[in-house]
Amino acid sequence: MCKITIPWIPVTFTVTPMIGGFIGGIFVRKNIKGWYETINRPSWRPPNYMFAPVWTTLYLGMGYASYMVYRSGGGFSGAAKLPLALYASQLVLNWAWSPLFFEFHQLKWSLIEICFLWTNVAGCIVTFYKVNKLASYLMIPYLGWLSLATALTYNIYKNNPEISDKVNDE
């Protein structure tokens with residue numbers, strides 16, 4: 001009989017970002033056909049159907065990149081300590097954005113939050129590079145997509161002052 005062994009550590013690292021992505025998706029699905037369709041959005045935004053496959057790919061890439069840093073940097077201590085701490089904090093920021101924007105309609109705070117997230121991911125790329133160059137390269141598409149998401153968030157914030165003023169000042 002053939003025994004199959006599952007490599008739990010790489011699987012756990014790779015799949016962990018999907019947990020928050022799945023939960024965030026609940027907030028997105030709940031509001032995408034309602035509130036989000038009623039706000040002023042730029043013509044250059046990606047179509048709604050693109051977000052799920054792009055985020056799935058990015059989550060899997062960043063998850064595996066974090067495993068590569070964990071493996072190359074000696075676990076949760078040594079060279080991997082700072083990169084993995086930054087990675088964990090960017091995951092929290094990433095997971096917080098969808099409810100902040102889609103559920104609570106906090107446009108100003110969503111913009112501030114995504115700017116912190118962008119900066120944090122840039123820090124991850126720099127610190128990952130010192131431990132595992134390929135891992136840092138796997139994070140670059142994520143930063144690119146975040147750049148688009150940040151521009152989109154800014155555009156929506158600026159072009160929906162009635163929502164920004166009403167909701168954010170309460």
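Asn-155 is buried, with a relative accessible area of 18%; buried here means under 20% relative accessible area, exposed over 50%, and partly exposed in between (1.4 Å probe, protein chains only). The model is predicted: local features need pLDDT of at least 70, side-chain atom pairs count only at pLDDT 80 or more, and totals for chains, interfaces and linings use all residues. Residues are numbered from 1 along each chain as its sequence is written, and side-chain values use heavy atoms, with hydrogens and water left out.

Asn-155 lies in helix 6. Helices are DSSP runs (H or I, at least four residues), numbered from the N terminus. The side chain of Asn-155 makes a polar contact with the side chain of Asn-159, at 2.9 Å. A polar contact is a pair of N or O atoms within 3.5 Å; within protein, one must be able to donate a hydrogen and the other to accept it, and residues adjacent in sequence count only if both atoms are side-chain atoms.

Ile-163 is found in helix 7, residues 161-168. Ile-163 and Ile-39 are 124 residues apart in sequence, yet 8.5 Å apart in space, C-alpha to C-alpha.

| Residue | Helix | Relative accessible area |
|---|---|---|
| Asn-155 | helix 6 | 18% |
| Ile-163 | helix 7 | 13% |

Tyr-142 is in contact with Trp-55, Leu-58, Met-62, Gln-90, Asn-94, Leu-117 and Val-121.

Tyr-142 also belongs to the largest nonpolar core, which has 41 residues. Such a core is a set of buried Ala, Val, Leu, Ile, Met, Phe, Trp, Tyr and Cys residues joined through side-chain atoms within 4.5 Å. Trp-35, Tyr-36, Phe-101, Val-121, Phe-128, Met-139 and Tyr-142 touch the most other members. Helix 3 gives the largest share of this core, 10 residues.

The largest pocket has a volume of about 790 Å³. A pocket is an open set of points on a 1 Å grid over the protein atoms alone, where a 1.4 Å probe fits, with protein on both sides within 12 Å along at least five of seven lines; lining residues have an atom within 4 Å of a point. Its volume is the space filled by probe spheres set on the points. The lining has 32 residues, and Val-28, Phe-51, Ala-52, Trp-55 and Ser-98 lie nearest the centre. Helix 1 supplies the largest share, nine residues.

Methods: Helix = DSSP H or I, 4+ residues; strand = E, 2+ residues; numbered from the N terminus. Contact = heavy atoms within 4.5 Å. Lists of a residue's contacts leave out its neighbours within four places in sequence.
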